[in-house]
Amino acid sequence: MDILTTKYNNMVKINFRQIPIYQGIAKQERVACDISESLANAIYSTVPGIAAHVLAEKIYKNGEVEMNPEEMAIVRKVTEVLPGQYTDSINDHLDEKEGQQ
């Protein structure tokens with residue numbers, strides 16, 4: 001298997017316009033929210049590098065994006081500067097999507 005095939009097989013599609021966000025610390029209920037612009041801004045303003053810049057643009061312009069493992073890592077990195085509600089919601093959603101591969 002070549003590197004392009006491996007990279008393509010590891011792609012995960014995430015719709016940042018419909019991210020399920022926990023509605024409390026008990027994590028009993030989640031509501032779909034559009035976080036595309038705020039997440040893109042957080043990536044743009046806190047994560048260095050061209051890959052982060054390109055990902056921020058993709059999320060902002062499209063909302064729903066296919067991400068490779070490097071881009072997933074960028075999203076996980078930016079959650080470190082977000083409030084806990086968003087950190088847990090985003091990371092749990094990414095875990096669920098990765099588990100569906």
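Because the model is predicted, local features need pLDDT of at least 70 and side-chain atom pairs count only at pLDDT 80 or more, while totals for chains, interfaces and linings use all residues. Residues are numbered from 1 along each chain as its sequence is written, and side-chain values use heavy atoms, with hydrogens and water left out.

The structure contains 6 salt bridges, a salt bridge being a side-chain nitrogen of Lys or Arg within 4 Å of a carboxyl oxygen of Asp or Glu. One of them joins lysine 27 to aspartate 88, with an N to O distance of 3.1 Å. This pair links distant parts of the chain, 61 residues apart: lysine 27 sits in the loop between β2 (19–22) and β3 (30–33), and aspartate 88 in helix α5 (residues 84–99). Helices (H or I, at least four residues) and strands (E, at least two) are DSSP runs, numbered from the N terminus. Lysine 27 is partly exposed at 37% relative accessible area, and aspartate 88 is partly exposed at 30%; here buried means under 20%, exposed over 50%, and partly exposed in between (1.4 Å probe, protein chains only).

Glutamate 96 is partly exposed at 34%, as is arginine 30 at 32%.

A further salt bridge, 2.7 Å from N to O, brings together aspartate 95 and arginine 76. Aspartate 95 lies in α5 and arginine 76 in helix α4 (residues 69–78), so the pair ties together parts that are 19 residues apart in sequence. Arg76 and Asp95 are linked with Glu98 in a network of salt bridges.

Axes are lines fitted to C-alpha atoms, for helices over the stretch in contact, and angles run from 0 to 180 degrees between N-to-C directions. Met72, Val75 and Arg76 of α4 meet Ile90, Asn91, Leu94, Asp95 and Glu98 of α5, where contact means heavy atoms within 4.5 Å. These residues divide into 4 nonpolar, 1 polar and 3 charged; Ala, Val, Leu, Ile, Met, Phe, Trp, Tyr, Cys and Pro count as nonpolar, Asp, Glu, Lys and Arg as charged, and the others, Gly among them, as polar.

Helices α2 (residues 36–46) and α3 (residues 50–62) have axes that come within 8 Å and cross at roughly 170°. That makes α2 roughly antiparallel to α3. Their contact involves residues including Leu39, Ala40 and Ile43 in α2 and Leu55, Ala56 and Ile59 in α3. The residues of this contact divide into 9 nonpolar, 2 polar and 1 charged.

Finally, isoleucine 21 belongs to strand β2 and is buried, at 1% relative accessibility. Leaving aside its neighbours within four places in sequence, isoleucine 21 contacts Glu29, Arg30, Val31, Cys33, Ile35, Gln85, Tyr86 and Ser89. The C-alpha atoms of isoleucine 21 and glutamine 85 are 7.2 Å apart, although 64 residues separate them along the chain.

How values were computed: Angles under 35 degrees count as roughly parallel, over 145 as roughly antiparallel, 65 to 115 as roughly perpendicular and the rest as oblique.
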